[in-house]
Amino acid sequence: MADGKPIIFSGIQPTGAKHLGNFIGAIRQYVTGQDRGDPAIFCVVDLHSISVPYDPEDLRERVLDTAAILLAAGLDPERCIFFRQADVREHTEMTWYLSAVTSHGDLDRMTQFKEKTGSARELASSALFYYPVLMAADVLVYRGQEVPVGEDQRQHVELMREIARRFNARFGETLVVPELVLPKVGARIMDLQEPERKMSTTGGTPQGTVLVLDDEKAIRKKVGSAVTDSGREVRAAPDKPGVTNLIDILAVARGTGREEIEREFDGVGYGDFKAAVADGVVELLAPVRERYEEIRPDEAALEATLAAGAEKARAIASVTVADVRERMGFG
Ligand code: AQP
């Protein structure tokens, strides 16, 4: 930590279909984090992609899509370290070392694995089961102090904290126990069609998932057909998940709180409210889509940015790995 600024680390999976939940829960926090962190480190976690069936050529493309989305959203490689996970091999090496202090039972308790595999658990790749250890390595190898993520990652961050504590107890004080950082509003954006479920890349409805790269027409259609309820009141409440979700989305888009939105739309029907939410989302995402169109075609520039970031990341990660190896009795 320099000048009291924390080391911030977060990663995002490479898909071209980043959605509003990813944008609000994670990407927006990265952009604000880059001036708060020293360093702020963000990576496209391509190693995580192999936990589900994938195509290698497609993966390369999706990494560039995701990198372009993050740059378009405002990540500035001069103000943060931005790279591709697989370029820094210390992540995979660290994962193995951390296995020594991660039990099978720890991983067996991860609800995301259970939710994602359901009854097909026996067929799931061991990489999917093991994913939380790689995620712990991602953060711990930089001695990250803050991990900005959405609510769905809470359990994984709790596990990485436990892994760091156990490592330190077993081998001596080496790793930093990181803190979970959730956005104040929007830590869990819900599917617009099924507001009891989170907006999701794999588990959501296409109509209920607003993509960062959706055009204005698509955004208006999706927000306009969002599920609300039979009432008229624009009020956040547990029995009004659809309306609550839209309030949160508009609060984020406007940079205000729930209360301000409730006050402004008190007595206004859902139709006008939804139109305002659609306006807010269009204003939030349109500039990102426009910049993406400029950035994405220049693959050489994207590759150069990621390569430069990987060099900076490796310089930090290699020091931690050397300390870990020393502590564990290797070499
Ligand atoms: N609905 C959400 N609300 C708020 N934050 C969210 N995040 C994901 N969904 C929501 C946060 O986005 C970051 C990146 O997630 P990822 O790398 O796991 O990306 P993904 O796998 O493409 O996104 P999903 O939708 O989370 O995939 P599924 O559901 O298919 O596994 C993380 O910080 C996450 O918390």
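Predicted model: local features only at pLDDT ≥ 70, side-chain atom pairs only at ≥ 80, totals over all residues.
**Domains**

The domain assignment divides the chain into domain 1, which comprises 8-187 + 299-328, and domain 2, which comprises 216-293. A separation of 30 Å is found between the C-alpha centres of domain 1 and domain 2. Where the domains meet, 10 residues of domain 1 are in contact with 10 residues of domain 2. The area buried between domain 1 and domain 2 is about 970 Å², and carbon and sulfur atoms account for 81% of it. On the side of domain 1, 50% of the area buried against domain 2 comes from Leu20, Ala72 and Val185, more than from any other three residues.

**Helix packing**

Helix α2 spans residues 56-73 and packs against helix α11, which spans residues 270-295. The geometry of this pair is summarised below.

| Property | α2 and α11 |
|---|---|
| Packing angle | about 125° |
| Distance between axes | 8 Å |
| Handedness of the crossing | right-handed |

With angles of 65 to 115 degrees counted as roughly perpendicular and those over 145 as roughly antiparallel, α2 and α11 are therefore oblique to each other. Helix α2 contributes Asp65, Ala68, Ile69, Leu71, Ala72 and Ala73 to the contact, while α11 contributes Val288, Arg291, Tyr292 and Ile295. Sorted by class, the residues in the contact of α2 with α11 are eight nonpolar and two charged, with no polar ones.

Note on methods:
Residues numbered from 1 in each chain as written. Heavy atoms only, no water. Axes fitted to C-alpha atoms, helices over the stretch in contact; angles between N-to-C directions. Helix = DSSP H or I, 4+ residues; strand = E, 2+ residues; numbered from the N terminus. Parallel < 35°, antiparallel > 145°, perpendicular 65-115°, else oblique. Left-handed = near helix turned anticlockwise from the far one by under 90°. Contact = heavy atoms within 4.5 Å. Nonpolar A, V, L, I, M, F, W, Y, C, P; charged D, E, K, R; others polar. Domains from an automatic or database assignment. Buried area = accessible area lost by both parts, 1.4 Å probe.
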